[in-house]
Each structure stands twice: as structure tokens, then as C-alpha cells.
Amino acid sequence: MRIAFYAPLKWPGHPVPSGDRLLARMFVAALEAAGHEVVLASRLRTFEGRGDAARQARIAAVGAACARRLMRRWQRRAADAPDLWFTYHVYHKAPDHLGPRVARALAIPYVIAEASVAPKQRDGAWREGHAAAEAAIRDAAAVICVNPADVPHVTTTRGPGAITAVLPPFFDGAGFAAAGETDDARAAACALVPPSPSPRLVTVAMMREGDKLASYLALADALERLAEQSWHLVVVGGGAAADAVHARFASFAPGRVRFVGTQPPAIVAALLAGADLFVWPAVAEVIGLALLEAQACGVPVVAGRRPGVAAIVADGLTGRLTPPGDTAAFAAAVGALLDDPARRTAMGRRARAHVREHHDLASAARALGAVLARVTAAHEAAR
């Protein structure tokens, strides 16, 4: 099929790296691996993060205008029109103002991957976005959930009999790990972080206000409890909250924490491959694809337990998950693994196999293909 792909929060080519951008790219790759032709429908970003009703209304108007242009284009040139519309990530702060309109006009199926419903926003500052997101979720031919926490509200919104599938988070783990094994990537990683006899902790995350900053602060709190143990931390990432992150870690002994900024994927993979343990408190983390990247490189993980995190880290097998907000438990889990290199090695081996078996691109392509086959069959039967 020819599939129109749209990501209202962050299009796949957005210049700022993030887990959301990565998963958008992975959905495109999985659809292509399933044999479909994918075309980018629009780069329009509908995200509105301040609860500004006037700005939300302007974005909605722009979205409607974009949808009309797409309709006219594809109605004039039917040979170029898609057979299905696929939107990645729909929620109240980034509703889809294009897909439902275009799909209805062209009489093609409309599919959403990664949808969430926040009932408390029904009458809140994002009520218009909530209404638009909920309508799209309700009317979609299928909704594919990646975060298990989204399933109950999505299922309730869609009602009985609707196609609602669950797809584990996924990415090209083998390709990512292989990119970090090249001589150039290894040399670049070594130049950034010279070898050290102490165990290497690593974290990879953007430095943003809100939950990301809270995770960095929690990580510093936990590592302060481990001052007597041998370790050094490598931090990969940057962003608007970089000054706050750097300031919080400034009290650590010289050489204990090294910031390397945002790096290309191959160098990130090489830095992960040289690590002993990935550490991230995951405050309010939705999924945390960096945790998958670490495991694909054979690195065990210690993270805060969240539904999306628990979907990709096997507690006790590929890492340790600790209660949300429990700094003492997080520090204890990190400390125990620092003292047990044999267990770290075994967890790292299992982590690599776990990603390959449960979260790889090929399995996602098969699952997506099966869902879309159900959708198109139902669409044809209804015509």
C-alpha cells in the first residue's frame, strides 16, 4: 500500500533528537519493512505546551487548511493518493487536525499508533485538543498502543469491537549496536571519554525542564549516596536545562562526571558499548527508548519503574527497576550492581538477547503488517 505518514508532535526529520522522533522513524522503517510505500504527509507540528487556547485555535485552523490542500491535491491526482493514513502519537497537546479529515475525504482507512487519553484534560486548558484527539482515537480504524499505560483509556474511548492492538516498543537494535562497533565510532568515543579503571555508569537523555530535569536531579541525589564506591558517570545529552543539570553535578569530585553533549547515534552506541551500567530514574518517563538502546549494546539498566519502562526492561534479568521516586532504592540497586561485575555481565548478555527477541524492527514489521491487513480487509468488506 501507499501510506501517508504524519507525526503531529515531531516529524521524523525534526532536527532535535528525542525518543519520540526515533520511534516515529522506526514506525516508518517498520512500515517499509512490511512492504509498504511511505510518504510524509506533512511537517505541521500541532504541539501546544502552554495551555494557550488562542494558540491552539490557530494551530487547528492551520491544520484544517493543510488538510484541505492535501485533499485537493490527491483528489486531482488520484494516482498519487494514499491507500491509508497513518498518524504517530496523538494526544491532547498534539492532536491530529489532518488525518481524520483527509481519510474521510478520500474514503481510506485512518490508523493511529501511540495514542493517549487524559480524562482530566476534558475540561482543562487543553480541552479543545483533548476533544480533537479523543474524536480521532474514537474514529480510527485501528489504534496501536506502544505504552501499556495508555491501553485502558484508549480501549474505553474506542468501545467494544474496535481494533486496538498492543505493540512493544521497538527499534533497529542490531543496526544501532553495529554502528557503534566501527573503528571511527570507537575512536570518537574514546576521545570523548578516555578509559578508566572504575566502573562506567552512563545516561543518555535530553536536558529539558520538567520530567527530564527531575530525573537528572534524582540521579544526582542517588549517586551522592554512593560516594564511597568506585564509579564514574558519562552523561550524553544537551538542551535548555543544561545549566541546571551541570550545576547540580558540580559538587561531585573532579573526574567523576563527564558531560559529552549531544552526539550522533554511532558515537552514542560506542559510548554505551563501553559502559558497565545504564542509570536513569525515569521520572514520569513514557517509554525511554534510550533504555532499549543501552540493552541492545549489552548494557544492563537501573531505572525507575514506570509502565512504559517495565515494558522494555525485564526486572532482575536485564536490569533493575525501582519504585518511582524512591532515591534510596535506586541508589541501592546501582550500588549492588557496582559490587557485582559478574551479575552485570550476565544481565548485559540477556539484555542484548531480550531486545533482539522482543523489540526488534523485524518483529514490529510483522505485527504492523498483520494489523494493517485486518484494517484493509474490514475496509473492503464495508465498501
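1. A salt bridge is taken here as a side-chain nitrogen of Lys or Arg within 4 Å of a carboxyl oxygen of Asp or Glu. The model is predicted, so local features need pLDDT of at least 70 and side-chain atom pairs count only at pLDDT 80 or more, whereas totals for chains, interfaces and linings use all residues. Residues are numbered from 1 along each chain as its sequence is written, and side-chain values use heavy atoms, with hydrogens and water left out.

2. E293 deserves a remark. This residue is found in helix α11 (residues 289-296); helices (H or I, at least four residues) and strands (E, at least two) are DSSP runs, numbered from the N terminus. E293 is buried yet has no salt bridge, and the nearest side chain of opposite charge, R21, is 8.6 Å away. Buried means under 20% relative accessible area, exposed over 50%, and partly exposed in between (1.4 Å probe, protein chains only). For charge, Lys and Arg count as positive and Asp and Glu as negative, while His and the chain ends are not counted. Leaving aside residues up to four places away in sequence, E293 touches L22, F171, F176, V268 and L272, contact meaning heavy atoms within 4.5 Å.

3. The structure holds ten salt bridges. One of them joins R138 to E134, with the closest N and O atoms 3.5 Å apart. Both residues lie in helix α4 (residues 127-139), four residues apart, about one turn of the helix. An α-helix has 3.6 residues a turn, so residues three or four places apart point the same way. R138 is partly exposed, with a relative accessible area of 40%, whereas E134 is buried at 12%. R122, E134 and R138 are linked in a network of salt bridges.

4. A further salt bridge is formed by E224 and R248, whose closest N and O atoms are 3.0 Å apart. This pair links distant parts of the chain, E224 being in helix α8 and R248 in helix α9, 24 residues apart. E224 counts as partly exposed, at 38% relative accessibility.

5. R320 forms a salt bridge with D315, the closest N and O atoms being 3.4 Å apart. Both partners count as partly exposed: R320 has 26% relative accessibility and D315 has 35%.

6. Helix α8 (residues 211-224) has 14 residues and should span 20 Å at 1.5 Å a residue; its end C-alpha atoms are 20 Å apart, which agrees. The expected span is 1.5 Å times one less than the number of residues in the helix. Among the buried residues of α8 are L213, Y216, L219 and L223. The buried residues of α8 pack against β7 (200-204), β8 (232-236), α9 (242-249), β10 (277-280) and α13 (327-338).

7. Strands β1 (residues 2-6) and β2 (residues 37-40) pair in the parallel sense over four bridges; pairing requires that DSSP find at least two bridges between two strands. R2 has E37 as its bridge partner in β2. From β1 the chain crosses through helix α1 (residues 19-33) to β2, in a right-handed β-α-β crossover. Right-handed means that, with the strands pointing away from the viewer, the path from the first strand over the helix to the second runs clockwise.

8. H89, in strand β3 (residues 84-90), has a positive phi of about 70° although it is not a glycine. H89 counts as buried, at 13% relative accessibility. E114, found in strand β4 (residues 110-115), has a positive phi of about 65°, again without being a glycine. E114 likewise counts as buried, at 3% relative accessibility.
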